[in-house]
Amino acid sequence: MIQLLTPEGQRVEGGTDAADYTAYVDALSDEELRGFYRDLVLIRRVDTEATALQRQGELGIWASLLGQEAAQVGSGRALAPQDHAFPTYREHGVAWCRGVDPLNLLGMFRGVNNGGWDPAEKNFHLYTIIIGAQTLHATGYAMGIQRDGAVGTGDPDRDAAVIAYFGDGATAQGDVSEAFTFAAVMNAPVVFFCQNNQWAISEPSERQTRIPLYQRARGFGFPGVRVDGNDVLAVYAVTKHALEEARSGQGPFLVEAYTYRMGAHTTSDDPTKYRVSADVEVWKLRDPIARFKAWLAREGRADSTFFDAVEAQADELALHVRRGTLEMPDPDAPSMFDHVYVEPHPLLAAEREQFVAYHASFEGSHS
Amino acid sequence: MTQLTIAKALTNGLRAAMEKDPKVVLMGEDIGKLGGVFRVTEGLQKDFGEERVIDTPLAEAGIVGTAVGLALRGYRPVVEIQFDGFVYPAFDHIVSQVAKMRARSLGTVAMPIVIRIPVGGGIGAVEHHSESNEAYFTHTAGLKVVCVSNPEDAYWGIQQAIATDDPVVFYEPKRRYWDKGEVGIDAPTRGLWSAAVAREGTDCTVVAYGPMVKTCLQAAQAAAEEGRSLEVVDLRSLSPLDLDTLCASVEKTGRMVVVHEASTSGGLGAEIAAAVTQRSFHHLEAPVLRVGGYNLPYPPSRLEEDFLPDLDRVLDGVDRALAF
């Protein structure tokens with residue numbers, strides 16, 4: 001497993017596979033490193049606030065990313081502007097790195113839309129609920145990049161790659177295997193990024209796989225690497241490398257970010273029914289934010305003024321999320337008929353008319 | 001005018017669409033060098049290259065799932081499913097992803113994908129090669145579903161299906177692939193999305209699509225010899241339904257029989273019967289009747305002639321409608 005930062009916040013230098021990746025980290029400025037920390041803290045705060053909003057009845061459900069912040073920020077910050085991300089429904093940290101307002105994510109969980117952002121605007125595609133389906137979309141998109149001649153040209157602004165996010169549970173789905181097959185035989189520029197958080201709702205990884213997941217790539221004919229998913233530096237470096245390989249025409253790459261889902265699968269389940277708290281306590285000691293903060297402070301790359309400023313920013317962001325959620329309007333009801341087809345559809349047009357007239361009849365009866 | 005089989009009309013239609021728009025790509029199993037199991041894509045890989053005529057791995061979910069990604073990138077994938085019974089592994093991608101992407105993106109994303117499916121029985125095939133599964137897809141909002149019955153509609157229809165920004169399930173009647181007919185070289189005068197009156201008549205309307213249109217036209221010819229005038233409507237678009245044409249016909253004849261190969265329960269005939277009855281009730285002299293496959297798994301091919309509606313069963317349906 002690639003690790004560049006121990007849980008105690010010590011840099012792992014050389015002597016292992018890690019040495020291959022240190023250059024990526026060495027190239028980062030202090031400002032960029034502080035930016036990683038800011039991302040980690042802010043997205044955790046969004047998550048905390050969203051969980052609270054769900055408990056207060058303002059969101060129907062929430063899928064927490066608690067514990068997976070480094071896997072998402074590390075990989076999200078490794079993306080080039082022209083790369084495309086295909087998320088599942090928990091990639092709030094990646095969305096953040098792509099510049100998607102967290103309120104756009106909350107809309108789906110509040111029930112005002114089914115994914116209300118334009119994927120083309122931020123190169124961040126819609127959340128996918130059906131487990132693993134997006135890995136095929138990502139692969140097809142990567143095939144499109146190939147056909148556009150935007151891979152392996154050597155032009156860093158032109159060459160693009162796709163990253164597909166999924167969990168350990170998704171690896172049991174046929175779609176993920178088919179995506180691996182297509183990507184491999186097409187040599188498509190796609191990085192498969194598995195956040196192995198060790199739980200598929202209540203089922204542990206042993207119910208999904210018999211071998212370490214990163215080893216699956218070998219059977220499909222492309223490289224796979226396991227990285228400490230709670231180490232933002234290692235995730236960044238490994239993903240950056242994988243994306244570079246894909247962009248340069250080397251084909252797909254599997255990154256398994258080994259992490260832990262600290263919360264429930266969603267706010268609807270109760271992890272105390274299926275896992276022991278001792279495990280959670282062990283993983284608390286591997287917290288991605290604490291270790292990175294310790295390293296930044298020890299190295300003198302950030303001081304208490306910075307850390308305090310980030311906390312203040314988090315407070316502000318939490319307020320934005322809370323206010324924005326409470327003020328989020330329900331969609332205009334007839335609009336549900338509007339976006340089903342591009343071309344006019346006589347049945348839908350008639351139903352829309354009936355719907356509007358039916359509701360108008362109630363308003364009329366009140367007047 | 002030129003004489004073409006339905007299969008060749010489709011090949012020419014695909015070729016025309018590919019020449020017109022470089023974003024059109026074909027995907028499927030065996031569609032390259034072999035030209036597809038029905039040879040519909042014959043010669044296209046040679047002329048357009050492997051990047052545009054893609055021989056895929058043998059994985060239907062993969063074919064449609066990656067087509068979604070290509071469409072998101074601005075391509076117009078035309079996917080070939082080898083046989084009707086092989087579409088089920090791709091079902092999730094068609095009904096949950098392709099059909100819903102536009103609605104869930106609030107209109108920012110289009111899915112200009114055509115899913116070509118050779119459909120229906122009558123060729124003596126083994127199981128899973130003869131099914132009529134259109135009702136699964138007509139039941140799904142977000143999809144358009146069409147079924148062509150003749151070379152002219154095949155040639156123009158495939159081009160219209162590719163040109164629309166909405167996803168289309170495009171059924172091709174496999175036992176009619178080798179039927180020849182005239183194909184006009186001018187632009188289509190009728191849209192793929194509207195029904196066509198294939199034969200005018202006054203006593204009873206017979207509605208069919210795809211492979212059953214020919215059977216119904218034969219039935220109408222036989223009925224004419226006995227002094228009965230049947231109007232045959234070729235539905236072409238199964239979703240959305242062209243109720244205007246259907247109701248205009250039934251309001252003229254007062255009777256309607258819907259014919260399809262698919263099992264009748266929960267089938268498209270039920271939808272047509274309900275929709276037409278609702279709109280044209282006062283013009284009906286008889287209930288809208290259905291003639292379809294029995295409610296069975298598709299039987300072994302030695303029994304398919306008993307399973308599939310034929311000319312006599314269509315005429316029997318007409319007799320029942322006229323007896324009211």
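Modeller: What follows describes the interface of chain B and chain A. This is a predicted model, in which local features need pLDDT of at least 70 and side-chain atom pairs count only at pLDDT 80 or more, while totals for chains, interfaces and linings use all residues. Residues are numbered from 1 along each chain as its sequence is written, chains are lettered from A and ligands numbered from 1 in the order in which they are written, and side-chain values use heavy atoms, with hydrogens and water left out.

Contact (heavy atoms within 4.5 Å) links 46 residues of chain B with 40 residues of chain A. The buried area is about 3,300 Å², and carbon and sulfur atoms give 61% of it; this is the accessible area (1.4 Å probe) that the two parts lose on being put together, summed over both.

The rule finds 4 salt bridges across the interface, each a side-chain nitrogen of Lys or Arg within 4 Å of a carboxyl oxygen of Asp or Glu. One of them joins B:Lys144 to A:Glu343, at 2.5 Å from N to O.

On the chain B side, strand 3 (53-55), helix 3 (60-72), helix 4 (91-98) and helix 5 (101-104) each supply at least two residues. Helix 3 of chain B gives the most, with 10 residues. Helices (H or I, at least four residues) and strands (E, at least two) are DSSP runs, numbered from the N terminus. By type, the residues on this side are 19 nonpolar, 15 polar and 12 charged. Here Ala, Val, Leu, Ile, Met, Phe, Trp, Tyr, Cys and Pro count as nonpolar, Asp, Glu, Lys and Arg as charged, and the others, Gly among them, as polar.
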